[in-house]
Amino acid sequence: DESDGIRTDGDLAAMSDRVSRLASALRTRLEHLMEECGREPVQQLIPLVVEALEELNSATSDAKEHVIALRELTSDHEQLFKQYNTEKQKRMDAEKRGMAVEDALNTRVGELKDELLSLRSEQSKLRSRWKIQKDRADKLEVKLDGLQQAYNGLQEKHTKAVSRHAVLNWQSVRSLNRSFRLARS
């Protein structure tokens, strides 16, 4: 009854189910107290009980909102945590690939350095061989020049000897021809 100062079930409809059940139970107890103790002492309690129920309802509503917000935050946190772990794994994979590439490059650089040293050593050997061969070629050229001069000298001597021999043979043939002519005559 509104005349009793107690809210009806319709007024409690806005309250949460739990608070509404508590309010109904309190209303029944307060009505029972009014019958036993009279209206006056109970009516002084009613505003305090109503205020306490409203505060309880507000606290329950706030708690529900907090639970909903907490669930949303938990869901957001889980998604962020999954995303963080995914990104962390991607970063670790990228770092591993980067380290593998760096290791491969370092290995290749080492191989190239070794190959460069080998090529420089081979180049040095080839230069040394080239110098030796050049020195031999220079010596052979000098020797060839000497042999050419000796050959030219021998050829000149041979030509002179052949010439003298031919002259001598000619003279001896002429002399023999004269002797045969004289002997025939």
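Trainee: Before we start, what does "partly exposed" mean here?
Mentor: A residue is partly exposed when its relative accessible area lies between the buried range, under 20%, and the exposed range, over 50%. Please also keep in mind that this is a predicted model.

Trainee: Then where does R108 fall, buried, exposed or in between?
Mentor: R108 has a relative accessible area of 42%, so it is partly exposed.

Trainee: Which residue does R108 pair with in a salt bridge?
Mentor: The partner is E111, with 3.4 Å from N to O between the two side chains. E111 is itself partly exposed, because its relative accessibility is 40%.

Trainee: Why are R108 and E111 about one helical turn apart?
Mentor: Both belong to helix α3 and are three residues apart, which means a separation of about one helical turn.

Trainee: Changing topic, how many salt bridges does the structure hold?
Mentor: There are six salt bridges in the structure. One of them joins the side chains of E87 and K90, at 4.0 Å from N to O.

Trainee: Where do E87 and K90 sit?
Mentor: They lie in helix α3, which covers residues 39-184, and they are three residues apart, so about one helical turn separates them. E87 counts as partly exposed, at 43% relative accessibility.

Trainee: And K134, what does that bridge to?
Mentor: K134 forms a salt bridge with D138, and their closest N and O atoms are 3.4 Å apart. The two residues are both in helix α3, with a spacing of four residues, about one turn of the helix.

Trainee: What is the relative accessible area of K134?
Mentor: The value for K134 is 38%, so K134 is partly exposed. D138 is also partly exposed, at 36% relative accessibility.

Conventions: Residues numbered from 1 in each chain as written. Predicted model: local features only at pLDDT ≥ 70, side-chain atom pairs only at ≥ 80, totals over all residues. Heavy atoms only, no water. Buried < 20%, exposed > 50% of the residue type's maximum accessible area, 1.4 Å probe, protein only.
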